[in-house]
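The sequence and structure come first, and the text follows.

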Amino acid sequence: MRLLELHLAPFGHFDDARLDLSPLPLGLHVIYGRNEAGKSTALRAVRGLLYGIPEKTPDVHTHEGPDLRIGARLAGADGRELRVVRRKGRKNTLLDEGGAPLDEQRLRALLGGVGPELFETMFGLDHAALRAGGEALAAGRGDLGESLFSAGLGASGLHEVLRGLAAEAEALFTPQARNRPLNEALRRFAELSRETTQLASKPSAFQEQEAALEAKRGERRAIEADLLRLRGERARLVRMRDALPRLARRRRLSDERAQVGEVVLLDERAPRAREEAQRARDEAREAIAELSDKLRRLDE
C-alpha cells in the first residue's frame with residue numbers, strides 16, 4: 001500500500017493541512033520540520049487513519065473530538081486508489097468522500113494483514129523508539145538474534161531482562177546449593193510428602209484439615225462480603241466526588257440569585273400592555289402640547 005495524500009481537516013492543531021506525496025517517485029521519502037511543526041501529529045494521524053482514532057487522544061486540544069477528520073488517498077499494489085476519511089467515534093468511523101460509512105474490509109485489504117501492534121513496532125516508529133532500538137542493538141555485544149528481536153519489538157531492555165532472569169534463576173536454585181529458595185522448597189516438599197504419607201491413615205488429622213479448610217472458607221466469605229461493601233462505599237464516594245463541582249456551581253448560582261432579590265412575574269400580556277401604555281402616553285403628550293398652545297393663545 002502507498003500513501004498518496006494525507007489530509008488533516010481538522011486534526012491536532014491543524015485546521016486544513018494537506019500532505020501530497022503523489023507526484024513523488026516510489027522510494028524512501030523523508031519529511032522533516034522544526035520542533036512542534038506537527039511531525040508526531042502526522043504520524044498519529046496515519047495510525048488513526050488506518051486503525052481508528054483512540055478514545056483518548058492528545059489531538060483534541062484545539063478541536064472537539066467529534067470534529068476530528070483524517071482524509072487520505074491510498075493506492076494498492078495493483079495501482080487502484082481508495083479515498084477514505086476517518087472520524088473519531090466508536091462505530092462506522094471509516095467514511096467515503098461523501099461522508100457515507102465505508103466497509104473497513106476495503107482498508108484491511110490494502111494493509112495486507114498488518115495490525116496496529118506490528119505497524120507501531122515496524123512502521124510507526126518515533127524518535128524515542130528508534131533510539132531505544134539502536135541502544136538495544138548496541139547492547140547485544142555480538143548476539144545478533146537477540147539484538148534484532150529486541151530492536152524489532154522496541155524492547156531495548158531485552159538483554160538486561162535476560163541477564164536479570166539468569167541471575168534470578170541462580171538465586172532461586174542451583175544443584176549444589178542448599179540455602180537457595182527453590183532448593184529449600186524442594187527439601188520442604190519432600191518432608192511434607194513424607195508427613196502426608198504418615199498422616200494419610202489418621203482420620204483425626206483429615207477432620208482437623210477439613211475444619212481448618214472450612215474456617216478459611218468462612219474467612220474468605222467474610223472478606224468477600226467486606227470487599228463488596230467497600231466497593232459500594234467507593235462507588236458512593238466517587239459519585240459524591242463527581243457531584244461536588246455541580247453542588248459548588250449550584251451554590252454560586254443560588255447566591256447570585258439571592259442578590260437579585262424578589263422578581264415580579266409579569267403576565268404574558270404585559271409586553272402588549274406596555275406597548276399600548278407607551279403609545280397612549282405619547283398621544284397624551286402630544287395632546288397636552290396642543291392644548292397648552294391653544295390655552296396660551298386663548299390667554300393672549
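Of the 7 residues in strand E1 (residues 2-8), 5 are buried, so the strand is largely enclosed by the rest of the structure. Buried means under 20% relative accessible area, exposed means over 50%, and partly exposed lies in between (1.4 Å probe, protein chains only). Strands here are DSSP runs of E with at least two residues, helices are runs of H or I with at least four, and both are numbered from the N terminus.

This is a predicted model, in which local features need pLDDT of at least 70 and side-chain atom pairs count only at pLDDT 80 or more, while totals for chains, interfaces and linings use all residues. Residues are numbered from 1 along each chain as its sequence is written, and side-chain values use heavy atoms, with hydrogens and water left out.

E1 pairs with strand E3 (residues 69-75) in the antiparallel sense over 6 bridges, and His-7 stands opposite Gly-71 in E3. E1 also pairs with strand E2 (residues 17-20), again antiparallel, over 4 bridges; here Leu-8 stands opposite Ala-17 in E2. Two strands count as paired if DSSP finds at least two bridges between them.

## Pockets

A pocket is found on a 1 Å grid over the protein atoms alone: it is an open set of points with protein on both sides within 12 Å along at least five of seven lines, whereas a cavity is a set where a 1.4 Å probe fits but cannot get out. Lining residues have an atom within 4 Å of a point. Grid points are joined across faces, edges and corners, and a volume is the space filled by probe spheres set on the points.

| Pocket | Volume | Lining |
|---|---|---|
| Largest pocket | about 1,500 Å³ | 39 residues |
| Second largest pocket | about 270 Å³ | 16 residues |

In the largest pocket, Leu-3, His-29, Ile-31, Leu-43 and Val-46 lie nearest the centre. The elements giving two or more residues to this lining are E1, E2, helix H1 (39-51), helix H2 (104-111), helix H3 (116-122) and helix H4 (127-138). H1 gives the most, 8 residues. The lining of the largest pocket divides into 29 nonpolar, 6 polar and 4 charged residues. Ala, Val, Leu, Ile, Met, Phe, Trp, Tyr, Cys and Pro count as nonpolar, Asp, Glu, Lys and Arg as charged, and the others, Gly among them, as polar.

In the second largest pocket, Leu-43, Arg-44, Arg-47, Glu-120 and Gly-124 lie nearest the centre. H1 and H3 are the elements that give two or more residues to its lining, and H1 supplies the largest share, 5 residues. The lining of the second largest pocket holds 6 nonpolar, 4 polar and 6 charged residues.

Thr-57, in the loop between H1 and E3, is buried at a relative accessible area of 13%. Its side chain makes a polar contact of 3.2 Å with that of Asp-59. A polar contact is a pair of N or O atoms within 3.5 Å; within protein, one must be able to donate a hydrogen and the other to accept it, and residues adjacent in sequence count only if both atoms are side-chain atoms. Leaving aside neighbours within four places in sequence, Thr-57 is in contact (heavy atoms within 4.5 Å) with Leu-68 and Lys-88.

Ala-9 and Pro-10 are joined by a cis peptide bond with omega of about -15°; Pro-10 is in the loop between E1 and E2.

Glu-36, in the loop between E2 and H1, has a positive phi of about 65° although it is not a glycine. Glu-36 counts as exposed, at 75% relative accessibility.
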